[in-house]
Amino acid sequence: MRRANILVADDDSVMRDSLKQILKRNNRFSITVCCDGEDALAKIKESSFDLAITDLKMPKMDGLELVRKI
């Protein structure tokens, strides 16, 4: 079975790490984390993801702008 690729974008390192740990409990997910919308958009251009979880308020590019650009 293919592992689902999940992107987590959040500027809060505690939230990023918490989400990563929760999602890693299920071995069916491959998790990529990033700290802002610009980094997330760059990672999306490099690879494909099945799900993106994003914070709304981030520096450089907020979550809503990220979703619009996706």
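The accessible surface of the chain comes to about 4,800 Å², and carbon and sulfur atoms contribute 50% of that area (Shrake-Rupley method, 1.4 Å probe). This is a predicted model, in which local features need pLDDT of at least 70 and side-chain atom pairs count only at pLDDT 80 or more, while totals for chains, interfaces and linings use all residues. Residues are numbered from 1 along each chain as its sequence is written, and side-chain values use heavy atoms, with hydrogens and water left out.

Of the 70 residues, 24% are buried (under 20% relative accessible area, 1.4 Å probe, protein chains only). Along the sequence the pattern is β-α-β-α-β-α, with helices (H or I, at least four residues) and strands (E, at least two) taken as DSSP runs numbered from the N terminus.

The three strands build an open, parallel sheet in the order β2-β1-β3; two strands pair if DSSP finds at least two bridges between them. Because β2 (29–34) and β3 (51–54) are edge strands with a single partner each, one side of each has no neighbour in the sheet. From one strand to the next, the twist averages 20°. Strand β1 (residues 4–9) is joined to β3 by four bridges, and L51 in β3 is the bridge partner of I6.

Angles run from 0 to 180 degrees between N-to-C directions, with axes fitted to C-alpha atoms, for helices over the stretch in contact.

| Helix | Strands | Angle to β2 |
|---|---|---|
| α1 (residues 13–24) | lies across β1, β2 and β3 | about 175° |
| α2 (residues 37–46) | touches β1 and β2 | about 140° |

Notes:
Contact = heavy atoms within 4.5 Å. Buried < 20%, exposed > 50% of the residue type's maximum accessible area, 1.4 Å probe, protein only.
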